Amino acid sequence: MKRFLLSAVLTLSVFQSAKAQQNIQPAAIQDKMQWFADAKLGIFIHWGIYSVLGVDESWSFYNKKIAYPDYMKQLKGFTARHYHPEEWAALIKESGARYAVVTTKHHDGVALWDTQLSKLDMPGSTPAKRDVLTPLYTALRQQGIKAGAYFSLIDWSYPDYPQFLKDSSRYDAKKDPARWQRFLHYYQGQLKEVMQQYNPDLWWFDGDWEHSAEEWEAVKIRKMLTDHNPSTIINGRLRGYGDYDTPEQNFPVSRPNFKWWELCMTINNNWGYHPDDTNFKTPYEVITIFADAISNGGNMLLDIGPAEDGTIPAAEVTVLKELGAWNKKHANAIFNTVAGIPAGHFYGPTTLSKDSSTLYLFLPGNISGQVMVKGLVNNIKKISVVGNGQALSHKIVGKISWSSVPGLVYIDVPAAVQDKYMTVLALELEGPVKLYRGKGGFLTNE
């Protein structure tokens, strides 16, 4: 129940933050958001000392599942001895992802880079004895992948941060503004280090729910980051000063209101390395979730949680490779597309080419017989299977000569052309897609 209540609070906070994103007008950021809109897929990387014992990242001590001193003892076990960032980047490239986001610092305050503002970092406090971020950002960019930085605004280890454990805090920021200012100086200093050393293409903030935009100095932070790099993108967890929505784990039934959005989701049930969690999503499940996201004009940020030594769990590697093979086969229907047609016209995900003259239909594997499209006004020039180019036949059913209401399009999908996960069809249309949205009466407007 306590976990449910916390989840409800976080959900409400994220919802409120998303609503507040109207502070940033879409027209003002349209150009810089184009690569993000075209990218469709990103890979999230949660890597930190929590991978030593395989416990919840930061939340495990916050929720008193483990004592804080015992949690921090994991510093002594983080080795990164089998960490090969070039292999990570190659796997991310193989998945089809166009960007990656890595945890530079989680709520526990442990930095993955060589920070000059704290002793809690990988080079100075762990057997790894090195900055693990620099080689990863280099490897990602060598692969042509945009490099993003997850950064926790909150820091439960820093003595001048008010909150500490779920049922306790150090002080009230409103009653001790001098102490809060010391924390602001610290967190903004670390933010500046990451900005200057890595120049992230995307910032993925977390933890904004614990304080207001004014307390975080969100306007100042956004200005600092965008002055340094006008093209950098900021996620929707900066108390109303982000560029896109970030629903977490749970797929939205109705697409988020903001123009750009991204579903962040784990492959099993946890963000970080959890050897006790074997509830991995299958490649089919990940692919169908991804198809739903892009059908609704969004992206998916799929998470992996490497072990402390830098190895990625085999089940996660399998999902990324299978997803990558499917993405490669169906790239034309996925990347550089726009959201598909409204629900009701086709029973499944859809996307459109940017000129709206090609409609892509996503079919679950092993579908039998015919599929149907309703309300398509356009004449169809050609229907083919994406990935092999085979032409398919179709028929129009129910078109009455004296009515402007279009008939139903039935498409024959032979078993031999079906993909093991999701088959994709391309409908090449005469002109941009035009849909009948009426009620089926005699008149055009009915």
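Serine 95 is in contact (heavy atoms within 4.5 Å) with Leu41, Ile43, Leu320, Leu323, Gly324 and Asn327, leaving aside its neighbours within four places in sequence. Welcome to a predicted model, in which local features need pLDDT of at least 70, side-chain atom pairs count only at pLDDT 80 or more, and totals for chains, interfaces and linings use all residues. Residues are numbered from 1 along each chain as its sequence is written, and side-chain values use heavy atoms, with hydrogens and water left out.

**Serine 95 and its helix**

- Serine 95 has its place in helix H7; helices (H or I, at least four residues) and strands (E, at least two) are DSSP runs, numbered from the N terminus.
- With 0% relative accessibility, serine 95 counts as buried, a term that means under 20% relative accessible area, while exposed means over 50% and partly exposed lies in between (1.4 Å probe, protein chains only).
- After H7 comes glycine 96, with a positive phi near 95 degrees.

- Helix H7 spans residues 85-95, and its buried residues are Pro85, Trp88, Ala89, Leu91, Ile92 and Ser95.
- Viewed down the axis of H7, these buried residues fall within an arc of 160 degrees, so they line one face of the helix; the arc is that of the directions from the helix axis to the C-beta atoms.
- On the face turned away from the buried side, H7 carries the exposed residues Glu86 and Glu87.
- Strand E1 (41-45), strand E2 (99-105), helix H9 (133-142) and helix H14 (314-329) are what the buried residues of H7 pack against.

**H7 meets H14**

- The axes of H7 and H14 cross at roughly 40 degrees and come within 7 Å; axes are lines fitted to C-alpha atoms, for helices over the stretch in contact, and angles run from 0 to 180 degrees between N-to-C directions.
- H7 and H14 are therefore oblique to each other: angles under 35 degrees count as roughly parallel, over 145 as roughly antiparallel, 65 to 115 as roughly perpendicular and the rest as oblique.
- Leu91, Glu94 and Ser95 of H7 make the contact with Val317, Leu320, Lys321, Leu323, Gly324 and Asn327 of H14.

**H10 beside H12**

- Helix H10 (residues 177-198) packs with helix H12 (residues 218-228) at an angle of about 15 degrees, their axes 11 Å apart.
- That angle makes H10 roughly parallel to H12.
- The contact joins Tyr187, Gln188, Leu191, Lys192, Met195 and Gln196 of H10 to Lys220, Ile221, Met224, Leu225 and His228 of H12.
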